[in-house]
Amino acid sequence: MSIFTPTNQIRLTNVAVVRMKKGGKRFEIACYKNKVMSWRSGAEKDLDEVLQTNTVFVNVSKGQVAKKDDLSSAFSTDDVTEVCKQILAKGELQVSDKERQSQLEQMFRDIATIVAEKCVNPETKRPYTVILIERAMKDIHFSVKANKSTKQQALEVIKQLKQSIQIQRAHMRLRFVLPAKDGKRLKQKLRPLIKTVENEEFDDQLEMVCLIDPGCFRDIDELIRCETKGKGTLEVLSLKDVEEGDEKLE
Amino acid sequence: MGHTSLEKIIALQKKTSRIRNLCILAHVDHGGNEYLINLIDSPGHVDFSSEVSTAVRLCDGAIVVVDAIEGVCPQTQVVLRQAWLENIRPVLVINKIDRLIVELKLTSQEAFTHLQKILEQVNAVTGSLFTSKVLEERAEKDAEAQSSCTENSSADQVYDWSAGLEETDDSDLYFSPDRGNVVFASAIDGWGFSIHQFAEMYSQKMGIRSSVLLKTLWGDFYLNAKAKKIMKGAQSKGKKPLFVQLVLDNIWNMYDAVVTRRDKEKVEKMVTSLGLKVMSRDLRHSDPKVLLSAICSQWLPVSRAVLSMVCEKLPCPAEISAERVEKLMSVGARRFDSLPEKTQELKKAFLDCSADETAPVIIFVSKMFAVDSKALPQNKQRPLTQEEIAQRRELARQRHAERQAANQSAESPGSALSVKAAVEEENKEHFVAFARVYSGVVRKGQKVFVLGPKYDPSLALRLPEGCSVADVLPSIPHMACCTVDSLYLLMGRELEELDEVPSGNVLGIGGMEEFILKSATISTSPACPPFTPLNFEATPIVRVAVEPKHPSEMPKLVRGMRLLNQADPCAEVLIQETGEHVLVTAGEVHLQRCLDDLRERFAKIEISASEPIIPFRETVIRPPKMDMVNEDLGKQQKVAVIHQVKEEQMKNPEGVQVDSTGLVTLTTPNKMATVGVRAIPLPEEVTHLLEDNVELIRTMEQFSLFAWEDKTLDINQKILENIQDFKVKLESNLQGHKWREAVERIWAFGPRRCGPNILLNNIEGYRRPSVWQCLEREKETERAEIRDFDNSIVSGFQLATLSGPMCEEPLMGVCFSVETWHMKISTPLAQQDSVDEDSQPAEPSNDDQSESSDVHETSSNRSRSRVGAAGGSVDCYGPFSGQLIAAMKEACRFAFQAKPQRLMAAMYTCEIMATAEVLGRMYAVLSKREGRVLQEEMKEGTDMFIIKAVLPVAESFGFADEIRKRTSGLASPQLVFSHWEVISSDPFWVPTTEEEYLHFGEKADSTNQTLKYMNAVRRRKGLYVEEKIVEHAEKQRTLSKNK
C-alpha cells in the first residue's frame, strides 16, 4: 500500500464555495469571489461570470463531482445549470471581504440617512446632512452590526449622538379635539407624553395643538381612542416639525 | 505730495467745494493745490467687482484706467457701466504708453491711430450705455402716450419716429483729449500729460492761441509749415497729425535717446532744452529707466496731470446732480414723485450739501468692513477677540428682539435701554461702516436713525409732528435708533479718529455692527428714504456646501458665517431645506478668500467645502418611438424586451397587478380595499403652469381645508380672478379625449399639496367636491359626498409624489389617475369601531406603520386621519387609514414604474460674453459639461459675442472657474437657475433591438449619464445601488494573504 504524497499543493484561489444540503446530501458549486451577492441582488446577470465551472460538486476542494443520480433525486432535474442556479440562490456561503465591506458600508450610510431624516438640530429646527451625521457617527466610533436592522441601530445611534452634537428627534405636531367631559381627565394623562403645547382652547370642547415625540404617537393615539370611545379626534398636522424653505443667514 | 496733517484735512473737510471723492476703476495693474481728494482704490478682479460697487456709490467721480495695449477689456466695460449706473463722472487715463514704444515698437504715427482706436472703443461703450438709456426713456414715454391715447382714441396720433437720440445731447459724456478728460500716461516711468499742458507749451512757442491748439491738437489736423497754419485733413493728405508732430514725436525721441540708443549727448541737449535739472547720479546710472523717470517726472509728472484733471473735471460733492439724487432716493421701481412730500423736500438738502447745523444729516453706508481691533485708534491697548464680538452680536440680537417685543406690546422701553447702556460700556467695535456724508454734519455721540434697505419713509411720517430722534420710537420696521460712537478718517489702512465730519466726506463709522447688516442709510430725519440698493455687477454664482470638520462645532460655523455675511457685500450664506449650509460667492477666487476668512477670522474652526447637493426631479414620458440608434422601434424585432418584461413582473410583490396599459391595481394587506392607479405624463406647459401658480394652489388648498371643517375662508376678488384664469389656462392646455373633463376632476396637487403633479379622480360614481370650490361659492347648494378615507388616498399620493422610486427625489409633471377604488367596509364605522376596540385593545404588531411613512414626509403634508370617524378599524396590520395610505403610495410608485421613467435635471441659463478668439475654447468647455447653446449673436459694433446656453446644475460645479481659465478671463458666465429639463436618456436602458446590439454591444459599455446621476443620488442617500462589487470575476487579485 503506497502512501499518498502530495507532489505539489494546489490552492484554490479566487474561489468561493456555495454549499447546500438537500436530500441528505451535500452539494457544492465553485464560484468566483465577490460575485455571488451580486448575482443574488440581480446586479450580475451573466451566470458565467459567477460560476467557475458548470459542474456540481460533492466537495470542491477535493474535486469530487456529484453523481447524476444524486442530483436528479435531490433536485428532481438533471440539468446542471438549473441545479447550479438553485444552489446559488439558496445555498450558504462564506461572505467574502469586499462583499462584507460593501454591505457594511451601505448599512452605515443607510443608518445615517435614517438618522438625518428623523432628526433635527434643535437650535435651527433644520435637519443635518447625511454627510455630517456620518462624520459624527465615525467620531463616536459607531460600528455597524450586520445582524440588526438599520432602523433599530439608527434609533440607538441617535441616543449616542446626543452626547456629542445637538440633535433631537423631529417632533410631530398633533391637534386633537376632545369632548368637554373627557377633556380634563385626559389632559392629565396626556401631559407627560406631550413636549410642548402650542395652542389650547377649552370652551365646549378641548382643542389642543401640541408637539410630541414621534415615539409617543401610538400611546397618545390609543389613549384618545380608548378613553373617548371614538368621540375625540386626533389629527396629525405635520409628521416632522422642521423649517421649510431656504433661510438666508443675516 | 508731502504728508498732510490731520488738522489740515479736518479744515479741508469743511470746504465742500474743495473735496473730490473719487475711485480708481482699473482693470490693469496700477501703482496717488489744496484739494482734499478721497481716493478709493478698487480691485480689478471680476470676483471683487462688488467692492467696486460699494466704492462707486460713495464717489462723485472716477478715474478709469485703461491699458494702452489691451484696450477695452470686459472688466473695463463693467466698470464703465457701473459708473454710468451710479451717475458718476468718469475721467480716463490711458496708461502704459511706454509699452507701445518699448515693447510693440510702434511708430508715433501708429501709436496715434492705436490710441484713437482705444478712445473710440471706450466711447462706444459709453455711447451704447447712453443709447440704451435714451431708448428706454423713449419706450417709457411711448407707453405713457399710448395709455393716454387709448383714453381719448379720437386724438390723432402723430408718431415721432426719431428715436429721440438726436434731441438728447450726449457730447459731454464722451472722453476726448480736447475736453481735458483724458490723460495719457506711463505710470511706471512717471510721466503723464493732458493736451492742455502741450497746448499751453506750444502756444507760447509757436504763437498760436492755446484755445485753437487745444481744439486741433487731437484729431485730423496738421501744421502747414509754410503757411504757419493748422489745416484739416492730415490723413487724406498724408501729413503728420498735429498730435504726432507736437506731442508723440517728442516722447518717442526721448525714449529713443534715453532707452534705445543711450545717446548721452542728445539726452543732455534735450534736458537743457526742456529746462530740467537731472542729477548726475541719474545720468550715470546703468539702467536707462532710472534716467528716464528722472527726466519725465520733472518734465511731465503724472501726478500733476492726473490731479489737475481730477480737480478740474470731476465735480465736487456740492455739484451733485438732481438726477442722481432722485435716483439715489427712489428705491426699486418706486418713482421719485411717489415718495412722500417730506421726503421729496430732502432733495434740496442733498443738492445743497451744506455742512450747516440745521441741515439734516444724511449718510449712506455702503459696506461694513472688519478691522483688526488693534488698528482701531482708541483701543490699541486691548485687542478684542472674535468670541467677544460674536457674543456682543448675540447680545445685540437679543436686545433687538427684546426691543421689538417691547415695541410691539407698547411697553415702556426702559428695560431695553438699561440693557443697552450696560452693553455700550464695553462696546468696542470690530466692524467699521464705510460711509459718506451727503448732507449735514455728523458728530460723535449724535443720535441718529439707522434705516435698513427696506425701510419705508411713509411709515415714519405717520408719526406725530415734532418727533425727534431722542423720542421713544414706536415700532417701525427696518428702523433703529442709535448713537454715533466714533468717526474715523480712513487713511489707507490707518484709521484716525475724528470728532465731526461735515457733508461731502467719506468716513468710517464705528459701533454700527448691531444695526447695519451690509448697507444702510443713516439720517436724523425719519423722512429720509433708504438709498437704492447697490448695483452689483457680479452676482454670486459659485455655490459650495460648507461643513465643520467636527460636527460639534456647528454653532461656531453658523456664527462665523453670519459674520462673514456682514463683512462681505457680495457673499451670501444660507441654510437650505436639506440642512446644508451653503456659501455663495462671486467666483472661485472670492470663494477662496471667504473660506480663508471663515477659517482664520470668523469661525476659527476647520471647515470643509464640498459640492452642494444637486436636486433632481423624477418624471414619466410617453413611450419613445425611436431606439437609441434612431431606428423606428415598432418594426424591429425585440431581442431581449420580452425577457425583461417577464423579469419585471416577477419582481412585483404579491397583491400588485400591472396590466399592459400601465394600470396598477393594489390591495391593502387586510384585503379590504383595492385601488387602481395609472400614471400619465403631463404636458410640459401644464407643468410650467402648475409651477408658476403655486401660491394660487396653496390658497385653493387652504379654502378646501376650511370647507372641510365647515368654515369659510375669505379670498379677495383679485385672487379669485387669478384662480379662474389659471383654471382656464389649464383647460386650454389639457385637451384631447384623454384629458376630457380632467380639470374638473382634479383631486389634489402634490407634493405638499401644491406641487407640479396632479391626482385625478377617474373613479366612476364618485363625485367629491372639486378643488375649484372656491370659485363656485354661490353654487354650493349641491354638496358632493366625500367618501371616508378620501384623505388617505390623497396622503398616499402626496407621499408618492414627494419621493419617487428612482432615487427618492420629488416627482414632477406626473398625473396619477385613480381609476378604481373598491372598499369592502361599510361606511358607518364609528360605533362598530368602539366595540371592536374594547374587545381587542389594538395590538401594535406592525409596529411602525406611521413611522415608516413619516420618514418620507414633511410638515406641510397633513395626513388628516380622523381617528374617531375614519381610521378606526384596527387589525393586525395597523390602522386601516394607514394601510390605505401605504397601499395608495405603493400603487402610485408601481404605476410610475410601469411607464418609461426619466430624470429631470435642474438647468442654469448661462449668458456668456466672449470675444471671437476664445469662442472655440468656450464651446469646448460647454460641451464637455453637457451644455447646450441656445443662441449666439454678435454684439453690434464690438467683437464680442453673446452666447446664451443652458447647463445642467449637476455639471456646473467649477464651471465658472474653468471657463475663465480656458478663455484667459475673456468670457465670464452668469448662471441663473431657469427650469427643469427632462434628461432624454433612459436610466434603465439596456440594448434591446438588434441595431442597438450592433451599435452598443451586449453590455452597453458607454456610460449612461442619467444612470450616473441616479446612482450618485442613491449612493448619497444610502439606497441600494445596483452595481457589481467586481466587474470581471477573472480579473480579481486572487493571491491569498498567507502565501
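I looked up Arg932(B) and found that this residue is partly exposed, at 38% relative accessibility. The model is predicted.

I then examined the partner of Arg932(B): its side chain meets that of Glu981(B) in a salt bridge, 2.6 Å from N to O. This pair links distant parts of the chain, with Arg932(B) in strand β33 (residues 932-938) and Glu981(B) in strand β35, 49 residues apart. I noted that Glu981(B) is also partly exposed, with a relative accessible area of 22%.

I turned next to Arg902(B) and Asp986(B), whose side chains form a salt bridge of 3.5 Å, N to O. Arg902(B) belongs to strand β32 (residues 901-915) and Asp986(B) to the loop between β35 (972-982) and α30 (994-1000), so the pair ties together parts that are 84 residues apart in sequence. Arg902(B) is buried, at 5% relative accessibility.

Glu28(A) is buried at 3% relative accessibility, whereas Arg26(A) is partly exposed at 36%. I recorded a count of 27 salt bridges over all chains.

Cys481(B) is in no disulfide, as the nearest cysteine sulfur, that of Cys482(B), is 6.7 Å away. Cys481(B) is buried, with a relative accessible area of 14%, and Cys119(A) is buried as well, at 1%.

Finally, I recorded the make-up of chain B: 31 helices and 35 strands. Of its 1043 residues, 51% count as buried. The chain exposes about 49800 Å², of which carbon and sulfur atoms supply 51%.

Conventions: Residues are numbered from 1 along each chain as its sequence is written. Chains are lettered from A and ligands numbered from 1 in the order in which they are written. This is a predicted model: local features need pLDDT of at least 70, side-chain atom pairs count only at pLDDT 80 or more; totals for chains, interfaces and linings use all residues. Side-chain values use heavy atoms; hydrogens and water are left out. Buried means under 20% relative accessible area, exposed over 50%, partly exposed in between (1.4 Å probe, protein chains only). A disulfide is a pair of cysteine sulfur atoms within 2.5 Å. Helices (H or I, at least four residues) and strands (E, at least two) are DSSP runs, numbered from the N terminus. Accessible areas come from the Shrake-Rupley method with a 1.4 Å probe; for residues, only the protein chains shown count as cover. A salt bridge is a side-chain nitrogen of Lys or Arg within 4 Å of a carboxyl oxygen of Asp or Glu.
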